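Dear colleague,

I am handing over the structure we talked about, and I would be glad if you kept it open while you read the notes that follow it.

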Amino acid sequence: MKKLVFSLLMLMFLVGILAGCVSENTSGSSEEGSNDSGGEESSDDGEMNIAVVPKLVGIPYFNASETGAVQAGEELGVNVEYTGPTQADASAQVKVIEDLVSKNSDVIAVAPNDPASVEPVLKKAKDQGIKVMDWDTPADKELVDLSVKQVDDEEFGRHMAGKLVEAMGTEEGKIAILTGGLSAANLNLWIDAAKKEFDENYPDIEIVSEKIPTDEKQQVAYQKTLDLLKSYPDLKGVLAVSTPAPLGAAQAVQEKGLQDEVSVVGSALPNDSEPFLEDGSLDTAVLWNPKKLGYLTAALGKMLAGGEMPEDGQEIENVGEISVKDDGKTVIMGPPADFTKENAGDFDF
Amino acid sequence: MKLSKESILGLIALGTFLFMALLAPGFLSSNNINSMMFQIPEFGLLAIAMMVVIVTGGIDLSITYIAALAGVGAALMLTNGFGIFPAIIMAILFALACGAFNGFIVSKIGVSPILVTLGTMVLFEGVILAITKGSSISGFPDAYSLIGNGYYLGLVPFSIVIFAIFAIITGLLLSKTSWGRRVYMYGSNEVATLYSGVKNSKVLMKVYLYAALLAAISAIIMTSRYNSVKVDLGSSYLLQSVAAAVLGGTNIHGGYGKVIGTIYAVFVFQFIRNGLNLLGFHSSLVDVVIGSILILVLTMNFFSDKFKKKQEQKNASQAA
Amino acid sequence: MKSLFKQKEFSILAIVLLISSILTFVSPVFLTVGNLLDLIEGNVVIGILAIGMTLIIITSDIDVSVAAVTTAVAVSISYLFGFLPDSWISVLLLFLFAPVIGLVMGLFNGLLVSKIEIPAIVVTLGTLNIIAGLVLYITNGNYVNSTSFPQSFLSFSNIEILGIPILIYLLAIVAVGTWFILKHTLIGRSVLAIGGNTQSSVRVGINYQRVKLFVFAYMGFLAGIAAIAQTAYTKAVDPNGMIGLELTVIAAVVLGGANIHGGRGSIHGTLLGVLLLAIMQNGMILARIDTYWQNVVTGAIIVIAVSYDQISYKRSQDKLANIEVEA
């Protein structure tokens, strides 16, 4: 054991000495610059390359935004590459971005899994003259050239809370909150906003237990909701944040035949929630149009690469009127969209 | 000419490198080489840690959560105004505590490692959740970020220097010290090792401590590189590190495994992942390719072993 | 009665009973028929997979590709729904197709393990990557929900006999069937023999390769059945829905007393292991344990359970040794 401690100390000492020689840049960085400078104006085939990085690939929500982004690429004549990790893992996502930086994209738009973790790599991208933006979930504000948001987080959370109260038809009673995962920053923002709304405007609503994680899985949400219904027989409503959670919650309500007793409101895609909206086990799915979000991201990416900035109230084709916040670089796509029994069939995502 | 398993894998690594260099645009750009060098250390350290445990015939499923917990330790110190040095110590202490816990139950109580670490995986994840409430801790001093993002002497990434140092140390520890020899002995036959007067429990305890130490170093690099720590820090590396160790020739039943083999395997994974990304492959196909390579290489090993045996038999019969 | 106490499964039963009684005390809802049925039905898939995994672990191997195989079969089922007519025959056909698809994947694992002699954890790690990657690539992760399911399948999944959901009967059939195979068929006895002592069992003429092939193929077969159960239970097919389930399955099996080094393990022990995990999951919300501490509690219980089990096993071995010496 003594030996171990001793060798550890030696090691620290050694590393300490080494650390003295660490610098931020390579001494050979000048030659690198000459290599890459060509990429900014026009890449090899003269087309603009816009990389759009979702939190992960292979889930319906980000598939829908992929459709939008690719469509924008075709219509606007830019190269859109839509790629991301297969798991919502911060380090895997950073690797994907690093590869994109190597590829000399003109613009990289990221939906960060963990805003802080993409900071270094986005800095690196900027140093090479790549324009960076975030979409879906904000990254560090100082760093990005443009930030595309689907809705205002505060408004979205409060809106969901309001919808739940509306569906319950009463301003008192017990409700539970399901979330995709405890560490999802945007979900937490919405939940906090929703809680604020309950606190300020509906003080008689009691939230049972802390927010309950569902691992982004419908089945887990289903089982936890079953448990909740048993544990709190007088439960009036469930607020389910993250796209699979409302489906699981609604399935539990459907199976127990409690459509009239328990209201479920959450963020879900209309196609997935249709079977639950139909019989009222899911009252309202609140979200935005992810296809439009993908389209908007790619479209704004093109503007950014061309040196333009969007303006407040500007009309974007296929998306609609956008608003730009006071800082001049936060773009908000629009108000949240409600999907209900009546309109859920009209969408193709 | 006889080639060891490791040298063959080294050739495969070289082959994939050349293959990607030919096919993937920008694979050889100084930029890309650089970013690969930044990506290798964190995964490489975890793979080596896993290898050391596998050599004893065990496995450490909690390794990525040990790393995450170590990262949390460092982050807590940094965000509370302590310097880099205390933060690093704290990360190592957190990890060693986890390692000691695993080591105690494996070596003293004698529960099989896969069970213990399956439990501690959930346990450590829980501890991190309880500390962080699931949110990420970020905002470290700039100097700290140099560990994972800086260059040594302006030439090579500092993190790869750290990785090289620990790879060499691990190699030396395993091959030159009595502890290292006992690790291999224990892995090939624990009963015989015990009867030859070795204190198995001490050897094992140190294995889990050492794996945890490597996890802590990896965590320091990761937290510095990503400038934050969250409960899932590096969680995607868990099965990958087992795959790298095994592809590197480590015997999953224990008794055999070399650092250099694991490093070659890490290179193979890195080149494939990076190259396919540059080629614009769908990310899920990258997994398919890596899985196929794992199986193909081991199948090749099997047939080459068989072939060798046949040759030997032939030679033997000819001699007779 | 004495033999009951000596049985290895007894310690896990004791823990199950202990936690159950605590939960009954904390929450009156726990010990209701409705809750228990929900709890079992929710774990049918894990139960079926764990039974298959028990056989593999008895022969001292492991299969980490189960969740991926099950997902792949479930996705295949959702494609099959497009071709099959909406009638009872389709449901029957499904019970033919799904296990066969799983069986093929299991055979692939089995061949690599038995003929090519690659360690099982490596083979299945490889097939996990390959199958999960292909499933994600082909489906792009898209959900298939109940609107595209044939009515006959939906009504099948809602059947209750004597108030008990059909899926629970499915688990019971799988459990009894596997128990029968283990106890009363040659291949089943061989599984136990190989796990107990590979060398001597090979010497008495058991075909080692064939047994290995069998356990992996059987695992695939059960994964096919589990896929049907999963589809019937969630009434949706989610290509991402089972990621990481393999670790839960393995945890259940080893908690149930199967020894990862082979030779020990039983169907009823495994079912107890599944039950223990299920109760803990269920109990967290019923007992109103703080969200952030749930994993700490789960992890601690697993560690304590396996340690306790090992200690009591060691003690019984010591006693055995003593008796032998005295005799």
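**What was found**

At a relative accessibility of 6%, C:T234 counts as buried, where buried means under 20% relative accessible area, exposed means over 50%, and partly exposed is in between (1.4 Å probe, protein chains only). Before going further, please keep in mind that this is a predicted model, in which local features need pLDDT of at least 70 and side-chain atom pairs count only at pLDDT 80 or more, while totals for chains, interfaces and linings use all residues. Residues are numbered from 1 along each chain as its sequence is written, chains are lettered from A and ligands numbered from 1 in the order in which they are written, and side-chain values use heavy atoms, with hydrogens and water left out.

To return to C:T234, this residue is in helix α12 (residues 208-234) of chain C, where helices (H or I, at least four residues) and strands (E, at least two) are DSSP runs, numbered from the N terminus. Leaving aside neighbours within four places in sequence, C:T234 is in contact with A:Q218, A:Q219 and A:Q251, contact meaning heavy atoms within 4.5 Å. The C-alpha atoms of C:T234 and C:A287 are separated by 25 Å, and the two residues are 53 apart along the chain.

C:A172 and C:V44 are 128 residues apart in sequence, and their C-alpha atoms are 9.2 Å apart in space.

Turning to chain B, the secondary structure comes to 13 helices and 4 strands, and buried residues make up 61% of its 320 residues. Why does the radius of gyration of chain B agree with that of a compact globule? With 320 residues, such a globule would have a radius near 20 Å, and chain B has 21 Å; the radius is taken over C-alpha atoms, and the globule rule is 2.2 Å times the number of residues to the power 0.38. Among contacts in chain B between residues at least 6 apart in sequence, 76% join residues at least 24 apart.

B:Q39, in helix α2 (residues 30-55), is buried with a relative accessible area of 1%, and, apart from neighbours within four places in sequence, B:Q39 is in contact with A:K95, A:E98, A:D99, B:R225 and B:Q270. B:N227 is in the loop between α10 (200-226) and β4 (228-229) of chain B and counts as buried at 11% relative accessibility, and its phi is near 60 degrees, a positive value in a residue other than glycine.

Chain A, finally, has 12 helices and 17 strands, and of its 349 residues 59% count as buried. Chain A averages a pLDDT of 82, with 87% of the residues scoring at least 70, pLDDT being the predictor's confidence in each residue, from 0 to 100. A:E216, in the loop between β9 (212-213) and α9 (218-231) of chain A, is partly exposed at a relative accessible area of 39%, and its phi is near 55 degrees, a positive value in a residue other than glycine.
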